[in-house]
Amino acid sequence: MAVPRPGYARRMPHAEVRALLVPLDGSDFSAAAVPVAADLARRFGGRVDLLSVVDPDGDREARERELAALTVPGVELTRTVVAAGDPA
(Lines give C-alpha, C1' and ligand atoms only; values in the text may rest on other atoms or scores of the structure.)
Protein backbone atom coordinates (compact mmCIF):
# COMPACT_ATOMS: atom_id res chain seq x y z
CA MET A 1 0.00 0.00 0.00
CA ALA A 2 1.30 3.47 -0.84
CA VAL A 3 1.99 5.63 2.18
CA PRO A 4 2.30 9.40 1.97
CA ARG A 5 5.55 10.90 3.23
CA PRO A 6 5.30 12.38 6.74
CA GLY A 7 4.54 16.07 6.71
CA TYR A 8 3.33 16.32 3.10
CA ALA A 9 0.16 18.17 4.11
CA ARG A 10 2.09 20.72 6.19
CA ARG A 11 3.95 21.87 3.08
CA MET A 12 0.65 22.95 1.48
CA PRO A 13 -0.98 25.18 4.11
CA HIS A 14 -3.12 27.14 1.64
CA ALA A 15 -4.15 24.34 -0.67
CA GLU A 16 -7.84 23.99 -1.41
CA VAL A 17 -8.84 20.56 -2.62
CA ARG A 18 -12.47 20.01 -3.50
CA ALA A 19 -12.15 16.69 -5.31
CA LEU A 20 -9.52 14.10 -6.09
CA LEU A 21 -9.96 12.05 -9.27
CA VAL A 22 -8.79 8.44 -8.91
CA PRO A 23 -8.74 6.48 -12.19
CA LEU A 24 -9.19 2.76 -11.61
CA ASP A 25 -8.46 -0.01 -14.11
CA GLY A 26 -9.35 -3.00 -11.93
CA SER A 27 -5.75 -3.64 -10.85
CA ASP A 28 -4.48 -3.81 -7.28
CA PHE A 29 -1.98 -1.11 -8.21
CA SER A 30 -4.68 1.41 -9.11
CA ALA A 31 -6.79 0.44 -6.07
CA ALA A 32 -3.83 1.32 -3.84
CA ALA A 33 -4.40 4.98 -4.76
CA VAL A 34 -7.82 5.03 -3.08
CA PRO A 35 -6.64 5.17 0.56
CA VAL A 36 -4.02 7.79 -0.31
CA ALA A 37 -6.65 9.96 -2.02
CA ALA A 38 -9.03 9.38 0.90
CA ASP A 39 -6.39 10.58 3.36
CA LEU A 40 -5.85 13.74 1.31
CA ALA A 41 -9.61 14.29 1.02
CA ARG A 42 -10.01 14.01 4.79
CA ARG A 43 -7.18 16.49 5.40
CA PHE A 44 -8.51 19.06 2.94
CA GLY A 45 -12.25 18.47 3.25
CA GLY A 46 -12.69 17.24 -0.32
CA ARG A 47 -14.33 14.24 -1.93
CA VAL A 48 -12.93 11.34 -3.92
CA ASP A 49 -14.20 10.71 -7.45
CA LEU A 50 -13.58 7.15 -8.62
CA LEU A 51 -13.51 6.75 -12.41
CA SER A 52 -13.16 3.58 -14.44
CA VAL A 53 -13.28 3.27 -18.22
CA VAL A 54 -14.14 -0.12 -19.70
CA ASP A 55 -14.23 -1.37 -23.26
CA PRO A 56 -17.77 -1.16 -24.71
CA ASP A 57 -17.74 -4.96 -25.01
CA GLY A 58 -16.41 -5.31 -21.45
CA ASP A 59 -18.36 -6.14 -18.33
CA ARG A 60 -19.53 -2.73 -17.17
CA GLU A 61 -21.73 -4.23 -14.45
CA ALA A 62 -18.80 -6.12 -12.93
CA ARG A 63 -16.73 -2.93 -12.76
CA GLU A 64 -19.67 -1.06 -11.22
CA ARG A 65 -19.87 -3.78 -8.54
CA GLU A 66 -16.12 -3.43 -7.90
CA LEU A 67 -16.43 0.32 -7.42
CA ALA A 68 -19.52 -0.08 -5.23
CA ALA A 69 -17.53 -2.39 -2.96
CA LEU A 70 -14.91 0.32 -2.33
CA THR A 71 -15.81 2.26 0.80
CA VAL A 72 -13.90 4.91 2.67
CA PRO A 73 -15.32 5.98 6.05
CA GLY A 74 -15.60 9.71 6.52
CA VAL A 75 -15.08 10.63 2.86
CA GLU A 76 -17.67 11.43 0.21
CA LEU A 77 -17.20 9.12 -2.79
CA THR A 78 -18.58 9.34 -6.30
CA ARG A 79 -18.31 6.35 -8.60
CA THR A 80 -18.44 6.52 -12.39
CA VAL A 81 -17.96 3.78 -14.97
CA VAL A 82 -17.72 4.82 -18.62
CA ALA A 83 -17.94 2.34 -21.50
CA ALA A 84 -16.34 3.96 -24.52
CA GLY A 85 -13.69 3.32 -27.13
CA ASP A 86 -10.26 2.21 -26.07
CA PRO A 87 -9.85 2.50 -22.27
CA ALA A 88 -6.16 3.32 -22.68
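**View 1. The buried residues of helix α3.** Ala 62, Arg 63 and Leu 67 are the buried residues of α3; buried means under 20% relative accessible area, exposed over 50%, and partly exposed in between (1.4 Å probe, protein chains only). They lie on the same side of α3 because they cover an arc of only 135° around the axis. That arc is taken from the directions from the helix axis to the C-beta atoms. Arg 65 and Ala 69, on the other side of α3, are exposed. The cover over the buried residues of α3 includes β2 and β3.

This is a predicted model, in which local features need pLDDT of at least 70, side-chain atom pairs count only at pLDDT 80 or more, and totals for chains, interfaces and linings use all residues. Residues are numbered from 1 along each chain as its sequence is written, and side-chain values use heavy atoms, with hydrogens and water left out.

**View 2. Leu 67 and its contacts.** Leu 67 sits in helix α3. Its relative accessibility is 3%, so Leu 67 counts as buried. Beyond its neighbours within four places in sequence, Leu 67 contacts Leu 24, Leu 50, Ser 52, Arg 79, Thr 80 and Val 81; contact means heavy atoms within 4.5 Å. Leu 50 is 17 residues from Leu 67 along the chain, with 7.5 Å between their C-alpha atoms.

**View 3. The β2/β3 pair.** Strands β2 (residues 47-54) and β3 (residues 77-83) run parallel and are joined by seven bridges. Two strands pair if DSSP finds at least two bridges between them. From β2 the chain crosses through α3 to β3, a right-handed β-α-β crossover. Right-handed means that, with the strands pointing away from the viewer, the path from the first strand over the helix to the second runs clockwise. Opposite Leu 50 stands Arg 79 in β3.

**View 4. The chain as context.** Three helices and three strands make up the pattern, which reads β-α-α-β-α-β along the sequence. Helices (H or I, at least four residues) and strands (E, at least two) are DSSP runs, numbered from the N terminus. Of the 88 residues, 30% count as buried. Mean pLDDT, the predictor's confidence in each residue from 0 to 100, is 83 for the chain, and 80% of the residues score at least 70.
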